[in-house]
Every structure is written in structure tokens, then in C-alpha cells.
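Hi,

Here is the structure I promised to pass on. Please open it alongside this note.

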Amino acid sequence: RSSDLASKMARLQSEDVFPIVGTKLLDRFLVSTTVLSTRCRSLDRLLDGGILTGEVTELSGSVATGKTQLCFVLCATVCAEDSRRCALFIDCNANFSAVRLHQLVSERSEER
């Protein structure tokens, strides 16, 4: 029985299922997270620097307030910075414009 327990413990340790200290979890998060600027100083200030990567961010608001444009800018920023990165744009209102997004990505790439 002790050998069964030892093998189970070894398996659990290899799968990293033991509790983790909160500061270590925060360190892992900070290393893998980037803050994307919205390119709007006041909005970035409100969001403590911008939008965090690795999270789902929902934007809501009145019609014609720039929600779609902000999403395009964020997607373009991600794509222009590193072609291996990706952004997911979920469009519930059929406002997606590949032409506009391509234009923004081209502008961001030229800035670099």
C-alpha cells in the first residue's frame, strides 16, 4: 500500500495539482500577460494602462461610441507586434470589416 501511495503522490506532483501560493500564481500571470494600450490616454488611465492579454474583455455602450473601432485597434496592435500572436474578435452585430482591420494592421506595422 505504501508503494501505491508513493506512486500516486509522484503522479500528483508531476501534474502540478498541489495548491500554489498566491504570489507564485500572480508572478506566473504577470510574466505571461501584456497590457495593450487602447491608444486613448484617458481610457488607458481608467484601465490602469490598457487591456490585459489572456483575458476576455467585453465592451458595451451606446451606438456609435467607438466599441468596434477599439476592438479593431486592439486586434491590429496584437497582430502588428508579433505575427505569432492572435486576437479573437467576437462580433455579435455583424460590424466586422476585414478591410478596416487590414488597414489598421498595415498602419501599425509601418509605425514599427
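Below is what I found, starting with confidence.

This is a predicted model. Mean pLDDT for the protein is 81. Of its residues, 88% reach 70 or more. Helix H3 (residues 41-46) has the highest confidence, at a mean of 93. Helix H1 (residues 2-14) has the lowest, at 68. Where pLDDT is low, the predicted coordinates should not be read in detail.

Next, the largest pocket. It holds about 970 Å³ of space. The lining comprises 31 residues. Closest to the pocket centre are Thr 57, Cys 71, Leu 88, Phe 89 and Ile 90. Two elements each give two or more residues to this lining: strand E2 (51-52) and helix H4 (67-81). H4 gives the most, with 6 residues. By type, the lining divides into 16 nonpolar, 10 polar and 5 charged residues.

H4 also takes part in a helix pair. Two packed helices are described by the angle between their axes and the distance between the axes. H4 packs with helix H5 (residues 98-111) at an angle of about 50°. Their axes lie 8 Å apart. The crossing of H4 and H5 is right-handed.

Best wishes

Notes. Residues numbered from 1 in each chain as written. Predicted model: local features only at pLDDT ≥ 70, side-chain atom pairs only at ≥ 80, totals over all residues. Heavy atoms only, no water. 1 Å grid on protein atoms, 1.4 Å probe; cavity = no way out; pocket = protein on both sides within 12 Å on 5 of 7 lines; lining within 4 Å. Points joined across faces, edges and corners; volume = space filled by probe spheres on them. Helix = DSSP H or I, 4+ residues; strand = E, 2+ residues; numbered from the N terminus. Nonpolar A, V, L, I, M, F, W, Y, C, P; charged D, E, K, R; others polar. pLDDT = per-residue confidence, 0-100. Axes fitted to C-alpha atoms, helices over the stretch in contact; angles between N-to-C directions. Left-handed = near helix turned anticlockwise from the far one by under 90°.
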